[in-house]
Structures are given as C-alpha cells and as structure tokens.
Amino acid sequence: MRRSAGRYPDDPRLHRLVERLSERSEQFRELWRRPEVAEHGPTVKRITHSELGLLELDCDILRTHRGDLRIVTYSAEPGRPSDRKLALFAAIGTHRLRAGAAD
C-alpha cells in the first residue's frame, strides 16, 4: 500500500483508505509510520490438489517498475515429484485421474 501511495500521491480514494485505517488501528498507524517498504521475493507455495496430491511450486512475481502489471508464475523444480505431477496434469488435462495415478 505504501508503494501505491508513493506511485499515486494524488489518489483521493487511497488517501481516504489510509485515513480510515489509521483512525481504526493503532497497529496500522505504527506500521504506516515506518519508512521501509517490504519486497516480496521468491517463495515456495504448497498446494494440495484434489487428485494430484501435494504440489510444491516455486512462486515468482514479475512486475514492471512503472505500472501495476504483475505476472505470477508457478513452476516446479525439474525432476522433483511436483514436476512429474505437473507433467502428468499437462498430458491429461482436466480428465479425472484414477486413484493413486499421481503417486
């Protein structure tokens, strides 16, 4: 939100939102006074698919510096179980799997 406030200093809706949050939350006021802006780095997301089971995926957020465009990518480490499960999913699409086929 701080990054957006810096990018859009004349946005009245954003200013009203910050004012409302500041009025209602001491924690927000304390955090808003801090000068740092957190960056989100690569993370691992664990997703349980109903048929494939547990998928451990690398999550990266690609963004432009001059706009609001963000692309979120998920990928599996090559050769790992999640990589094989995604390859299976890509091959069969949305057809239902047999029990245990993804293990």
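I looked up Tyr74 and recorded it as partly exposed, because its relative accessibility is 46% (buried is under 20% relative accessible area, exposed is over 50%, and partly exposed lies in between, with a 1.4 Å probe and protein chains only). I noted that the model is predicted, that local features need pLDDT of at least 70, that side-chain atom pairs count only at pLDDT 80 or more, and that totals for chains, interfaces and linings use all residues. I kept in mind that residues are numbered from 1 along each chain as its sequence is written, and that side-chain values use heavy atoms, with hydrogens and water left out.

**Entry on the overall fold.** I found four helices and three strands in the protein (helices are DSSP runs of H or I with at least four residues, strands are runs of E with at least two, numbered from the N terminus). I wrote their order from the N terminus as α-α-α-β-β-β-α. I noted that 14% of the 103 residues are buried.

I located Tyr74 in strand β3, residues 70–75. Patch residues have over 30% relative accessible area and no salt bridge; like charges are joined within 9 Å, and nonpolar side chains (Val, Leu, Ile, Met, Phe, Trp, Tyr) within 5 Å. A salt bridge is a side-chain nitrogen of Lys or Arg within 4 Å of a carboxyl oxygen of Asp or Glu.

**Entry on the charged patch.** I found Arg13, Arg16, Arg20 and Arg24 gathered in a surface patch of positive charge. I placed Arg24 in helix α2, residues 12–24, and recorded Arg24 as exposed because its relative accessible area is 69%.

**Entry on Val18.** I located Val18 in helix α2 as well. Is Val18 buried or exposed? I recorded Val18 as buried, because its relative accessible area is 11%. Leaving out residues up to four places away in sequence, I listed Met1, Phe28 and Trp32 as touching Val18 (contact means heavy atoms within 4.5 Å). I noted 9.0 Å between the C-alpha atoms of Val18 and Ala5, which are 13 residues apart along the chain.

**Entry on Arg2.** I placed Arg2 in helix α1, residues 2–7. I recorded Arg2 as partly exposed, because its relative accessibility is 23%. Which residues does Arg2 touch, not counting those up to four places away in sequence? I listed Leu31, Trp32, Arg33, Arg34, Pro35, Glu36 and Val37.

How values were computed: Accessible areas come from the Shrake-Rupley method with a 1.4 Å probe; for residues, only the protein chains shown count as cover. Lys and Arg count as positive and Asp and Glu as negative; His and the chain ends are not counted. The place of a charge is taken as NZ of Lys, CZ of Arg, CG of Asp or CD of Glu.
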